[in-house]
Amino acid sequence: MKVLLVEDDLDLSAALSRVLTRRGIHVEHCTDGVQALVQLGAGQFDVVMLDLGLPVMDGLQLVSKIRAKGNEVPVLVVTARGAVGDKVAGLNAGADDYLAKPFDLDELEARLRALCRRAGGSAGEMRCGRLRVERASHVAYVDGRALELTPRESALLAALMERPGHAVTKERLTALVFPSDQATQADAVEVVAHRLRKKLLATDVQITTLRGVGYLIQESADGGAAH
């Protein structure tokens, strides 16, 4: 799942990003509504999670503009404004759900996943070359043929396929591939990436190592082996 977090409290957003990432949820963050509209225009998200008290553009205005653009991405409002009138205003503006602060992290995760299931994912699938990965199941296909991947290989591939051609840090991949293992060794992701590379040799995509940074996936120039 890919979530856009719109929150101007940097401490809170950093804490939420860490927790959700450990639970297998990819989080991108921005601090105001104008930035959020730019990011929504540049990529697909499964859920938008936003505060109402945002700088530059209020959260209610942001929701209204998202809907005015015809974007049906699920919106979860997370705010300290817990009065019934505030909830009604948020839902009337186009929000799908409302969670008042302070909140339980398990409830937050459950609401995010429920919204994602209800919408069936953003685009349903991710593509790079002839490789296709279903968002909901993380099953990968090449020319209609399913690849036999382990759960960790599938998690790594899905994380890279969110943004083909863009680097994903080793730290983020470790959190996504080993979400419940706090004692993961530093080279664990390298082992999974090595196995996954072998299974992608017959495709037209490759996983590239960016030393000191992480990995990215892209179409290979020769349609052959990864580097």
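Is Arg 130 buried, partly exposed or exposed? Arg 130 is partly exposed, with a relative accessible area of 35%. (Buried means under 20% relative accessible area, exposed over 50% and partly exposed in between, using a 1.4 Å probe and protein chains only.) Before going further, keep in mind that this is a predicted model: local features need pLDDT of at least 70, side-chain atom pairs count only at pLDDT 80 or more, and totals for chains, interfaces and linings use all residues. Residues are numbered from 1 along each chain as its sequence is written, and side-chain values use heavy atoms, with hydrogens and water left out.

Now look at what Arg 130 is doing. Side chains of opposite charge can pair when their charged atoms come close. Here the side chain of Arg 130 meets that of Asp 143 in a salt bridge, 3.0 Å from N to O. Asp 143 sits in the loop between strand S8 (140-142) and strand S9 (145-146), while Arg 130 sits in the loop between strand S6 (125-128) and strand S7 (131-134), so the pair ties together parts that are 13 residues apart in sequence. Asp 143 itself is exposed, at 56% relative accessible area. As for the cut-off, a salt bridge is a side-chain nitrogen of Lys or Arg within 4 Å of a carboxyl oxygen of Asp or Glu. The structure holds 14 of them.

Arg 195 pairs with Glu 153, with the closest N and O atoms 3.0 Å apart. Since Arg 195 belongs to helix H8 (residues 188-199) and Glu 153 to helix H6 (residues 151-161), the pair ties together parts that are 42 residues apart in sequence. Glu 153 is buried, with a relative accessible area of 1%, whereas Arg 195 is partly exposed at 34%.

Next, hop over to helix H5 (residues 105-119), where Arg 113 and Glu 109 lie 4 residues apart, about one turn of the helix. Their salt bridge has its closest N and O atoms 3.0 Å apart. Arg 113 counts as partly exposed at 27% relative accessibility, and Glu 109 is buried at 17%. These two also belong to a network of salt bridges that links Arg 23, Asp 106, Glu 109 and Arg 113.

Over in helix H1 (residues 10-22) you'll find Thr 21, which counts as buried at 9% relative accessibility. Which residues does Thr 21 touch, leaving aside its neighbours within four places in sequence? Thr 21 is in contact (heavy atoms within 4.5 Å) with Arg 172, Ala 175 and Leu 176.

Finally, zoom out. The protein has 8 helices and 12 strands; these are DSSP runs, with helices (H or I) of at least four residues and strands (E) of at least two, numbered from the N terminus. Along its principal axes, the C-alpha trace spans about 60 × 40 × 30 Å. Buried residues make up 47% of the 227 residues. Among contacts between residues at least 6 apart in sequence, 57% join residues at least 24 apart.
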